[in-house]
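This report goes through one protein model and its ligand.

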Amino acid sequence: MRLIFATNNHHKLKEIKALLSNRYEVKGLSEVNIHEDIPEPHDTLKDNAIEKAMYIYKKYGFDCFADDTGLEIEALDGRPGVYSARYAGENCSFQDNVNKVLSEMDGEANRKAKFRTVIALVENGIVYTFSGEVEGEIIPSERGTDGFGYDPIFLPLGFNQTFAEMPLSIKNTISHRARALNKFIDFLNNRK
Ligand code: IMP
C-alpha cells in the first residue's frame, strides 16, 4: 500500500520510512512533485496536523497523512509547544531554537519536558488522528550530532543518551512520533 506523507522535512520522512518500510511504500511531497510549504496556522498540534493533511487532500485529491510535533517544557509553561518550529523567529534554524531554549532554561531546576506528536490521516475526506508522547528532560548543553531539531538537548526518561546520541533504531522504538505512528499502523491493520 502506498502512503503519502505530507511533509517537506527529510528527517521526519527518514524516520517514518524506517518505521513503515516493511509494510508500506511511503512517499514525501517532493517525491510526488509537490514543492510548496504547507500552512500551520493553528494553535494546537491536532488542528495543524489536520490542516496539513487536508490541504494536500483538497488541493491534489489524494489520501495522505501529516504530523505536527511540539516540545513542551514544564518550567516554560509548555513552550515552545506548537511554536517549536519557529520558536526563535521566522526562518530561524534548529540551532537558533536550541539556543533560545537553553538560555531560557539557564539555572532552571525543573528540567521536565515532553515531545508530543499528532498524526492526521485523511482518507476519502474523512479525518483520523493518532497521538504519541515521550517524557524526558532538557539537559544544560547539547550532546550528539544525529537527529534534528531539539534532539541534542532532549534526554528521554530512562536513557542516558540524548535523541541525537542514540541510533535512529533506538529513537524509533520510544519516540513521540513512533508512538503515534504505531497507533496509526494498528488502525490500518485492524480495520476490515
Ligand atoms: P513540526 O511543526 O511538526 O514540523 O515540528 C516542529 C519542530 O519541532 C521542528 O522544526 C523541530 O524543531 C521540532 N521537532 C519535531 N520533531 C522532532 C524530533 O523528533 N526531535 C527533535 N525535534 C523535533
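## Basis of the description

Helices (H or I, at least four residues) and strands (E, at least two) are DSSP runs, numbered from the N terminus. The model is predicted: local features need pLDDT of at least 70, side-chain atom pairs count only at pLDDT 80 or more, and totals for chains, interfaces and linings use all residues. Residues are numbered from 1 along each chain as its sequence is written, and side-chain values use heavy atoms, with hydrogens and water left out.

## Lysine 12 and aspartate 67

Lysine 12 is found in helix α1, and aspartate 67 lies in strand β3. Buried stands for under 20% relative accessible area, exposed for over 50%, and partly exposed for what lies in between (1.4 Å probe, protein chains only). Lysine 12 has 10% relative accessibility and therefore counts as buried; aspartate 67, at 2%, is buried as well. Their side chains are joined by a polar contact of 2.7 Å. A polar contact is a pair of N or O atoms within 3.5 Å; within protein, one must be able to donate a hydrogen and the other to accept it, and residues adjacent in sequence count only if both atoms are side-chain atoms.

Contact in general means heavy atoms within 4.5 Å. Leaving out residues up to four places away in sequence, lysine 12 touches Phe5, Thr7, Lys52, Asp67, Phe148 and Arg177. With neighbours within four places in sequence set aside, aspartate 67 is in contact with Phe5, Lys12, Ala49, Lys52, Thr117, Val118, Ile119 and Arg177. Isoleucine 119 is 52 residues from aspartate 67 along the chain, yet their C-alpha atoms are separated by 4.2 Å.

## The ligand site

How many residues surround the ligand? There are 15, and the closest are Lys12, Asp68, Thr69, Asp151 and Arg177. A residue is near a molecule or strand if one of its heavy atoms lies within 4 Å of it.

A polar side-chain atom of aspartate 151 lies 2.6 Å from a nitrogen atom of the ligand. An N or O atom in the side chain of arginine 177 is 2.6 Å from a ligand nitrogen. For tyrosine 150, a backbone N or O atom lies 3.1 Å from a nitrogen atom of the ligand. The protein covers 95% of the 480 Å² of accessible area that the ligand has on its own. Accessible areas come from the Shrake-Rupley method with a 1.4 Å probe; for residues, only the protein chains shown count as cover.

## Helix α5

Helix α5 spans residues 176–190, 15 residues in number, and reaches 21 Å from its first C-alpha to its last, close to the 21 Å expected at 1.5 Å a residue. The expected span is 1.5 Å times one less than the number of residues.

The buried residues of α5 are His176, Arg177, Ala178, Ala180, Leu181, Phe184, Ile185 and Leu188. Their cover includes β1 (2–5), α1 (10–20), β3 (64–73), β5 (112–123), β6 (126–138) and α4 (168–174).

## Aromatic pairs

Rings of Phe, Tyr and Trp (its six-membered ring) pair if their centres lie within 6.5 Å; planes under 30 degrees apart count as stacked, over 60 as edge-to-face and the rest as tilted. A search of the whole structure finds 10 such pairs. Phenylalanine 5 and phenylalanine 65 form a stacked pair, 4.7 Å centre to centre with 10 degrees between the planes. This pair links strand β1, which holds phenylalanine 5, to strand β3, which holds phenylalanine 65, 60 residues apart. Both phenylalanine 5 and phenylalanine 65 are buried.

Phenylalanine 94 and phenylalanine 148 form a tilted pair, 5.8 Å centre to centre and 50 degrees between the planes. Phenylalanine 94 is in helix α3 (residues 94–104) and phenylalanine 148 in the loop between β6 and β7 (154–156), 54 residues apart. Phenylalanine 94 is partly exposed, with a relative accessible area of 42%, whereas phenylalanine 148 is buried at 13%. Ring pairs also link Phe5, Phe65, Tyr128, Phe130, Phe184 and Phe187 into a cluster.

Serine 84 sits in the loop between β4 (80–81) and α3 and is buried, with a relative accessible area of 6%. A polar atom of its side chain lies 2.6 Å from the backbone oxygen of glycine 81. Beyond residues up to four places away in sequence, serine 84 touches Thr69, Gly70, Leu71, Asn97 and Tyr150.

Glycine 136 is in strand β6 and counts as buried at 9% relative accessibility. Not counting residues up to four places away in sequence, glycine 136 touches Arg111, Lys112, Ala113, Phe154, Leu155, Pro156 and Leu157.
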